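This report describes one protein model for a reader who has not seen it before. The sequence and structure come first, followed by notes on selected parts.

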Amino acid sequence: MYLAKVRKNRQTIYCLRESIREASVHGFQEICALGPQPGAWIDYPGGNAWHLCDELVHRIAQKARQFDPDLLEDLFWPFVRPDIRQATAHFRERNKTSTYRRMTRDEKKSVARSTHAFDKRRAHFLKFGNMDQGPLVNMPPALFRKLKGKCRDEIEQRFMQQESRLSHRELKSYVYTIFDLQRFFKGFLAKKMPHALDQKKVDTFFIQELCDLNKRLFRQSGHLHDYLIRYVVMFFDHPYGESVLLEEMEQDFRFRSRFFHPPPKPAVSRSRAREIFNLTATEFKAMDKRSLTRRFRKLARKHHPDKGGSHDKFVELSEAYQALLAKINPPG
C-alpha cells in the first residue's frame with residue numbers, strides 16, 4: 001500500500017492505493033479516497049493515544065490484497081497531531097525492529113536490470129546530490145531495492161515525496177542530471193557548471209529527452225503525462241544553484257600563473273577596485289560578502305581566460321575582488 005497525492009478538480013486530495021501485478025504488467029488499484037485531510041480519519045481516545053477510524057480500517061482490510069496494519073500506521077503517521085508525534089516519537093522508533101538484510105548477487109542483478117535508468121539517476125541524486133554520477137552500472141543496486149515490484153504510479157509518488165525535500169536552488173541541477181543532459185556536451189563544464197553552457201542548446205535537449213521519456217516510459221504521445229509536468233516547472237522556473245567552481249578556477253589559475261607571471265604589481269586601490277566592479281562608494285558600503293562574491297562570479301564568467309576572456313583583466317578583477325573583500329572582512 002502507498003499514499004498517493006493527486007490533483008482533482010483543482011484540489012489536492014489523498015488516495016490509498018496498492019501496486020498489483022496482472023499478466024506480467026504492474027499497475028495499481030484504488031483502495032479508498034481520503035480527501036484533502038488524511039488526518040481527519042485519525043481518532044484520539046485520550047492521552048497520547050491515537051488510532052485510525054475503525055470504519056476506514058475495515059474498508060481497507062476488505063479491499064486490499066495485502067493488508068499490513070504496521071504499514072498503514074506508518075502511512076498515516078505524518079498526519080498525526082504534532083504534539084502527539086513529539087510525545088510518542090521516541091517510543092515509536094524504539095519499538096521498530098530492523099528488517100534490513102544484504103542483497104544476494106542474483107537479487108542485485110535482478111534489481112539493476114528491472115530498474116529504469118531514469119529512476120536510477122533520480123535515486124542516486126536524491127541520495128548523494130552528485131551531478132557527476134558516473135556509469136549507471138556502478139550505481140549500488142541497494143538504492144533501488146524499494147522500487148522492485150512497484151507500479152509506475154507508486155514509484156512516481158515515492159520520488160515526489162523525496163523531491164519535496166530538495167531546496168529551490170537544487171531543482172534545476174536535479175532535472176539537468178536526471179535527464180542526463182550532460183551527455184550532449186563535452187568538457188568538465190557539462191558535469192560541474194551547466195549554467196556556463198549554451199542554455200538554448202540545454203533547453204532543446206531537455207525538451208527532446210522529456211518527449212522521449214513521455215513516449216517510452218509513460219506511453220504518452222498526445223500530451224505530457226501529469227507526472228512529468230513537475231520537471232518542466234523545476235527546469236524552467238528555477239535557476240541553477242550557486243557553484244564554487246569559479247572560485248576554484250580562479251585559485252587554480254593563480255597557482256598555474258605564478259611560475260610565468262611578471263613581478264607582481266601593487267594591489268589595486270579600493271577606488272580602482274570599485275570602478276572595476278562598477279560600484280559607487282555608497283553602494284559598496286552597503287554590500288556584504290555574499291553580494292560582492294555574486295558580482296565577482298558574474299564578472300569572472302566574462303573575463304576568465306579559459307572562456308575566451310582577457311588574461312590581464314581577469315588578474316585585475318581577482319586583485320580588485322581581494323581588495324574589496326579585505327575591506328568587508330578586515331584581517332583580525
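## The positive patch

Arg-102 sits in the loop between α3 (82-95) and α4; helices here are DSSP runs of H or I with at least four residues, numbered from the N terminus. Arg-102 is exposed, with a relative accessible area of 71% (exposed is over 50%, buried under 20%, partly exposed in between, with a 1.4 Å probe and protein chains only).

A patch of positive charge on the surface brings together Arg-21, Arg-102, Arg-105, Lys-108, Lys-109, Arg-113 and Lys-148. Helix α4 (residues 105-114) supplies the largest share, four residues. Patch residues have over 30% relative accessible area and no salt bridge, and like charges are joined within 9 Å; a salt bridge is a side-chain nitrogen of Lys or Arg within 4 Å of a carboxyl oxygen of Asp or Glu.

## Basis of the model

The model is predicted: local features need pLDDT of at least 70 and side-chain atom pairs pLDDT 80 or more, while totals for chains, interfaces and linings use all residues. Residues are numbered from 1 along each chain as its sequence is written, and side-chain values use heavy atoms, without hydrogens and water.

## Positive phi in two loops

Most residues other than glycine have a negative phi. Asp-180 has a positive phi near 55° and lies in the loop between α7 (168-178) and α8 (189-192).

Arg-219 also has a positive phi, near 55°. Arg-219 belongs to the loop between α9 (199-216) and α10 (226-236) and is exposed at 65% relative accessibility.

Note on methods:
Patch = residues over 30% accessible without salt bridge, like charges linked within 9 Å, V, L, I, M, F, W, Y side chains within 5 Å. Areas by Shrake-Rupley, 256 points an atom, 1.4 Å probe, with all protein chains shown as cover. Lys, Arg positive; Asp, Glu negative; His and termini not counted. Charge placed at Lys NZ, Arg CZ, Asp CG, Glu CD.
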